[in-house]
Amino acid sequence: MSCSIYLPLSAVKIDDPFWNKITELVRTVVIPYQYEALHDRIEGAEKSFCIENFIKAAKADGSVTYPVDRWCYGEDDTPGGAFHGWVFQDSDAYKWLEAAAYSLCTHPDPELEKKADGVIDLICAAQLENGYLDTLYIINDRSKIFTNLRDYHELYCFGHLAEAGVAYYNSTGKRKLLDAAMKFADLICETFGENKGQKRGYGGHEIAELALVKLFETTGYVKYLRMAKFFVDERGRKPYYFDLEHNAKTKGEGYFYNQAHRQPRFQTEAVGHAVRGVYLYSGMADVAKYCNDGELYFACRRLWDNIEQRKMYITGGIGSTVHGEAFSFDYDLPNDLAYSETCASIGLIFFAKRMAEFDADSRYSAVAERALYNTVLASMAEDGKSFFYVNPLEVNPLACRVDERKKHIKAVRQKWFSCACCPPNLARLISSLGAYCYSENEDTLFINQFIGSTAKSALASVSVDSDYAGSGRVKIKISPKRPMTLAVRIPEWSDYKGGDVKDGYEYFRIEKESELEFDFNSQPRLVKCSNLVRGNEGRAAVQRGPFIYCIEGADNGENLQLLSIDKNASFIKDGEYLIADGYRETPDEKLYSLYSKTKQTPVKIKLLPYYRWGNRGENEMQVYIRINN
């Protein structure tokens with residue numbers, strides 16, 4: 001293990017011809033839009049109830065109780081004074097605050113800061129004297145606090161509170177939200193553990209683990225790291241805590257859904273709810289790093305290998321089944337049934353970043369790139385005001401409406417969701433993009449993402465002039481503070497051949513101010529997947545640079561399954577589009593007939609980057625295209 005650390009967001013300034021418009025969209029449109037959504041002021045959008053719950057909690061005195069018995073509480077079936085929405089609704093405000101914090105770090109904005117301070121004041125007004133902060137229980141029934149860790153997300157909401165508190169403190173120097181998070185964390189440290197009278201429990205939805213490590217990094221209080229380690233180590237021990245909590249025996253597949261079927265350090269396969277999984281694995285990697293736990297690190301390696309090599313879509317999506325929003329079995333990656341939740345790809349990027357800190361292997365940043373440029377970007381509309389929760393690789397709008405198996409798939413993005421975890425998650429990731437570009441150890445600076453930027457590290461000042469998303473060309477200028485090594489990631493899709501290359505990085509000895517130029521040659525290529533993925537045999541996807549491409553009905557007509565592309569096809573670039581020679585089969589309305597070669601007509605096939613699909617109304621979409629041999 002050759003550990004490095006990523007440069008903080010404050011050390012990096014992005015200036016990139018591709019990313020500038022996206023980061024500005026998030027800063028000027030998405031964050032303000034989401035503020036309005038959290039206040040239920042978006043016409044035609046599903047209600048959030050998020051800010052409303054904090055207002056109720058701040059006024060509640062515990063004298064009136066309501067049931068705490070389900071995941072979601074609607075206006076039609078819940079009293080007006082009770083908690084409304086999903087049990088994890090608080091977390092949306094915390095993620096929005098984290099996004100606002102990162103935005104303030106790179107672009108000071110008094111108006112945004114005032115709005116964020118107002119939300120923080122409201123949150124802190126809802127906090128109980130002992131530090132507890134979860135509006136579901138504060139409003140509905142305080143006697144039930146910490147009695148259903150499996151289902152009701154108190155520790156999950158705490159995790160997002162802690163992340164927001166750390167981010168806001170680092171960006172503004174204000175510690176009100178951080179102090180609230182620490183007060184809640186102190187209560188958690190008192191409540192959970194191995195001592196007599198403490199609960200030997202852990203959250204059903206992970207994230208507290210990595211959040212506690214962030215509190216440890218920020219405050220230096222070792223008790224937070226110890227608590228994170230306890231949650232990791234206690235998960236999956238027998239007798240299962242969730243059985244004791246519910247006075248029941250585990251049935252069916254046990255606690256695979258919660259990654260609590262066995263202790264994480266002994267897990268070998270990514271299973272269960274995909275977002276929960278990658279959040280846990282991220283926390284495991286953090287604990288392994290700070291506790292120097294080699295066994296736990298190698299568990300992270302096994303889980304990473306399983307995801308990357310057997311359970312990840314070409315777009316960087318994970319969690320292929322709607323049932324449990326979960327990982328399925330190896331190589332089960334259906335295109336038209338894909339779940340591929342936006343949050344899962346974002347969590348995969350979190351996991352990748354932590355693994356890259358452990359191990360200077362380019363594959364981690366390559367996966368982060370794959371998820372970022374494809375699934376994550378695809379989840380947001382070009383105007384920043386609607387979002388995908390689910391990210392399929394093939395869509396027939398009619399099937400989305402009438403086929404119960406595909407009801408989770410939308411052909412157009414939605415203004416908001418009652419379960420709105422993904423939009424603010426996207427906002428916080430894009431707002432912190434600079435924190436994913438560079439890392440360093442005692443003598444080496446790593447360039448992990450080729451996003452145009454300048455950065456100052458302990459080793460050097462560096463600037464990256466990037467046309468990575470266009471031609472694939474990158475220029476790097478570096479001014480070392482002392483003799484050092486620069487490690488430049490070679491993209492996995494590139495045919496670039498370097499000199500001193502190890503594990504996907506080319507290494508350069510830098511002793512004086514230097515300039516380096518790279519041409520990674522982002523030419524379109526056909527990419528196939530394993531023939532063990534049953535739905536893609538005889539098909540391929542088109543990739544140019546970091547982008548996966550798709551075809552849409554708006555450009556190519558209906559019944560995209562009738563199109564095929566020549567295996568030796570050449571591509572003409574037309575702006576962001578690609579044009580290739582292909583064929584369209586003649587439709588055969590007769591259901592069955594003797595086999596004969598189907599008539600084909602030559603056509604021009606027009607492809608666009610996957611991240612741009614669905615911006616022109618309902619139409620078909622398809623990533624994998626049949627190959628005409």
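1. The second pocket. Glu325, Tyr339, Glu341, Tyr389 and Cys419 lie nearest the centre of the second largest pocket, which has 30 lining residues. On a 1 Å grid over the protein atoms alone, a pocket is an open set of points with protein on both sides within 12 Å along at least five of seven lines, and lining residues have an atom within 4 Å of a point. The volume is about 590 Å³; a volume is the space filled by probe spheres set on the points, with grid points joined across faces, edges and corners. Helix α11 gives the most to this lining, with three residues. By class, the lining has 18 nonpolar, six polar and six charged residues. Here Ala, Val, Leu, Ile, Met, Phe, Trp, Tyr, Cys and Pro count as nonpolar, Asp, Glu, Lys and Arg as charged, and the others, Gly among them, as polar.

2. Basis. This is a predicted model: local features need pLDDT of at least 70, side-chain atom pairs count only at pLDDT 80 or more, and totals for chains, interfaces and linings use all residues. Residues are numbered from 1 along each chain as its sequence is written, and side-chain values use heavy atoms, leaving out hydrogens and water.

3. The largest pocket. Its space comes to about 840 Å³. Of its 30 lining residues, Pro8, Asn170, Lys214, Glu217 and Lys353 lie nearest the centre. Elements giving two or more residues include β1 (5–6), α3 (90–106), α8 (208–219) and α13. Helices (H or I, at least four residues) and strands (E, at least two) are DSSP runs, numbered from the N terminus. The most comes from α6, with five residues. The lining divides into 15 nonpolar, five polar and 10 charged residues.

4. Val166. This residue sits in helix α6. Val166 is buried, at 7% relative accessible area. Buried means under 20% relative accessible area, exposed over 50%, and partly exposed in between (1.4 Å probe, protein chains only). Setting aside neighbours within four places in sequence, Val166 contacts Leu178, Lys214, Leu215 and Thr218; contact means heavy atoms within 4.5 Å. Its C-alpha atom is 41 Å from that of Gly575, 409 residues away along the chain.

5. Helix α16. How many of its residues are buried? The count is 10 of 10. Among them are Cys422, Asn425, Arg428 and Ser431. The cover includes α1 (19–38), α3, α6, α11, α13 and α14 (362–378).

6. The nonpolar cores. The largest holds 217 residues, and Trp19, Trp96, Phe146, Phe231, Ile307, Tyr438 and Val623 touch the most other members. A nonpolar core is a set of buried Ala, Val, Leu, Ile, Met, Phe, Trp, Tyr and Cys residues joined through side-chain atoms within 4.5 Å. Helix α13 (residues 342–358) gives the largest share of this core, 11 residues. Apart from this core lies another, of five residues, including Ala360, Phe446, Tyr505 and Tyr507. Beyond four places in sequence, the contacts of Phe146 include Tyr132, Phe184, Phe192 and Lys199.

7. Strand β10. Which residues of β10 (residues 473–480) make up its covered face? They are Val474, Ile476, Ile478 and Pro480, while Arg473, Lys475, Lys477 and Ser479 form the uncovered face. In a regular strand the side chains alternate between the two faces of the sheet. Strand β9 (residues 460–467) runs antiparallel to β10, joined by eight bridges. Two strands pair if DSSP finds at least two bridges between them. Ile476 is the bridge partner of Val464. The two strands form a hairpin with five residues between them, and Gly472 in the turn has a positive phi of about 90 degrees. Strand β14 (residues 514–519) also pairs with β10, antiparallel, over six bridges. There, Val474 stands opposite Phe518.

8. The mixed sheet. Six strands form an open sheet in the order β1-β6-β7-β11-β13-β12, with mixed pairing. Its edge strands, β1 and β12 (501–502), each pair on one side only. Two bridges join β1 to β6 (residues 438–440), and the pair is antiparallel. Tyr6 stands opposite Ser439.

9. Cavities. A cavity is a set of grid points where a 1.4 Å probe fits but cannot get out. There are five of 30 Å³ or more. Helices α13 and α14 each supply at least two of the lining residues. By class, six are nonpolar, three polar and one charged.
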